[in-house]
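Please view the sequence and the structure first.

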Amino acid sequence: MKHTEMISRRSFLQAAALTAACSALALTGCGSSSSAASSAAGAASAQEGAAVYKVGIVNYVDDASLNQIVASLEARLDEVGAERGVTFNYADYYANAQADQSNLNQIGADLVADEVDVIVAVATPSASTMLAAVEDTDIPVIYSAVTDPVGAGFDGLPNITGTSDALDTEAIMNLILSINPDLDQLGLLYDLGQDSSTQAIADAKAFCDEHGIRCIEKNGTNTAEVQMAVEALAASGVKVVFTPTDNTIMTAELAIYETMIEAGIQHFTGADSFALNGAFVGYGVDYVQLGEATADMVVELLCDGKTIADLPYRTFDNGTATINTETCAALGLDLETVKTAFEPYCTAIEELVTAEEFE
C-alpha cells in the first residue's frame with residue numbers, strides 16, 4: 001500500500017511575473033513552427049533569441065478539480081520553459097468560462113483572433129467549443145479532464161487530443177461495499193447535462209442491478225437544485241450517495257456536504273477535490289498528474305515536432321482513494337477501519353480535511 005503526498009497548488013497570479021515577450025523566434029530549446037513564429041514576431045521585451053509560445057488555457061468553471069489541473073499545467077509549463085530556455089505565455093491567454101456557453105463562445109473567438117499556438121481546453125464543454133472555434137484554422141486543441149473522448153467525438157480527429165479522467169466505476173463501487181456490505185439502496189447524484197457523468201452513472205446502475213441494489217437518482221443543474229436534490233435523498237433515507245466526475249456537483253460540494261453529514265450520508269465521489277470540499281471519499285485520477293501530462297503534450301506538440309496524430313489521448317490509473325478525515329469522524333466511522341477495508345481495492349490512500357482549495 002502506497003500512501004502518497006499531495007503536491008502543493010501554485011497560485012495562478014504568479015504566472016504573470018514569469019511571462020515574457022520575444023522579438024524573434026529562434027530554434028533554441030524548441031523547434032520552430034509557423035504559428036509560433038507569427039505569435040512571437042511582434043514582442044519586443046523578451047530575451048533576444050528565446051522562443052515564445054502563446055498558450056490559450058480555457059477553464060470551464062471555477063472548482064477545486066479543474067483549478068487543480070490548471071495550476072499543475074501552468075507549473076509544469078514554467079518548469080519545462082526554464083529547462084529549455086523558452087517561454088510559454090499562458091498568463092495573457094487564460095480565461096474561465098464560469099460554466100457559461102456564451103462565455104465559452106467568446107473565449108474561443110478571442111483566442112483564435114489572438115492567433116495562439118495551441119488551446120488547452122479543460123473539461124468536455126470547453127473542448128467541444130474550442131474545437132468548433134478553431135475550425136478553418138491550424139490551431140490545435142489539447143484537452144484535459146475529458147471523461148469520454150470517444151463519446152464526445154474527439155478520438156481520431158486531426159486537430160484535437162489530450163488527457164482523460166475516465167473513472168473506474170466498479171472500483172469505487174467496491175469501495176462502497178467494503179464498508180457497507182449489506183447496502184440495499186444507493187443514491188446517484190449528478191447533472192443530467194454533464195457528459196462526464198453519463199458513462200459512470202450507466203456503469204453504476206449496471207453494478208447495482210448485478211448486486212441487487214436499488215438506485216435512487218436525483219439531479220441538479222446548479223447549486224440550488226443540487227441542494228434540493230440532496231435534501232430529497234436525505235428524506236428518502238439513503239445512506240450512501242455516488243457522484244462521478246461531475247463539475248456541477250463539484251461546484252456545489254461546499255454547499256451540500258454538511259447536509260449530507262447531518263443526514264448520515266456517505267458521499268463517494270470521482271475525484272479527490274470533492275473530498276477536499278467536504279465529501280467523505282474521492283476516488284480517481286490524480287489531477288496534479290493529469291495537469292502535468294497535459295502540459296507535456298503541449299511541449300511535445302510545440303517543441304518536439306510532434307503532431308496531433310503522434311499524440312493519442314492518454315488515460316491514467318484510478319488507484320487513489322482520498323478520505324476526508326473530518327467527515328469520516330462526523331459520520332461516526334473509524335478511520336483506520338475504513339482504510340483497512342479500502343486497501344484491497346486501491347493502490348494508494350490519502351487523507352485531507354475540508355478546505356476550499358488545495359494548498
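## Strand 1

In this predicted model, the side chains of strand 1 point two ways: Val52, Lys54, Gly56 and Val58 to one side, and Tyr53, Val55, Ile57 and Asn59 to the other, all of them buried. Buried here stands for under 20% relative accessible area. Because eight of the eight residues of strand 1 (residues 52-59) are buried, the strand is largely enclosed by the rest of the structure.

## Partners of strand 1

Strand 1 pairs with strand 2 (residues 87-89) in the parallel sense, over three bridges. Within this pair, Tyr53 stands opposite Phe88 of strand 2. Strand 1, helix 2 and strand 2 also form a β-α-β unit, and that unit is right-handed.

Strand 4 (residues 118-122) runs parallel to strand 1 and is joined to it by five bridges. Here Val55 has Val118 as its bridge partner. Strand 3 (residues 94-96) is parallel to strand 1 as well, with three bridges between them; Ala95 in strand 3 stands opposite Val58.

## Cavities

How many cavities of 30 Å³ or more does the structure hold? There are three. The largest cavity has a volume of about 90 Å³. It is lined by 16 residues, and the closest to its centre are Leu66, Asp165, Thr245, Asn247 and Tyr287. Helix 2 (64-84) and helix 8 (247-262) are the elements that each give two or more residues to this lining.

By residue type, the lining of the largest cavity consists of seven nonpolar, six polar and three charged residues.

Definitions and conventions
Residues are numbered from 1 along each chain as its sequence is written. This is a predicted model: local features need pLDDT of at least 70, side-chain atom pairs count only at pLDDT 80 or more; totals for chains, interfaces and linings use all residues. Side-chain values use heavy atoms; hydrogens and water are left out. On a 1 Å grid over the protein atoms alone, a cavity is a set of points where a 1.4 Å probe fits but cannot get out, and a pocket is an open set with protein on both sides within 12 Å along at least five of seven lines; lining residues have an atom within 4 Å of a point. Grid points are joined across faces, edges and corners, and a volume is the space filled by probe spheres set on the points. Helices (H or I, at least four residues) and strands (E, at least two) are DSSP runs, numbered from the N terminus. Ala, Val, Leu, Ile, Met, Phe, Trp, Tyr, Cys and Pro count as nonpolar, Asp, Glu, Lys and Arg as charged, and the others, Gly among them, as polar. Buried means under 20% relative accessible area, exposed over 50%, partly exposed in between (1.4 Å probe, protein chains only). Two strands pair if DSSP finds at least two bridges between them. A crossover is right-handed if, with the strands pointing away from the viewer, the path from the first strand over the helix to the second runs clockwise.
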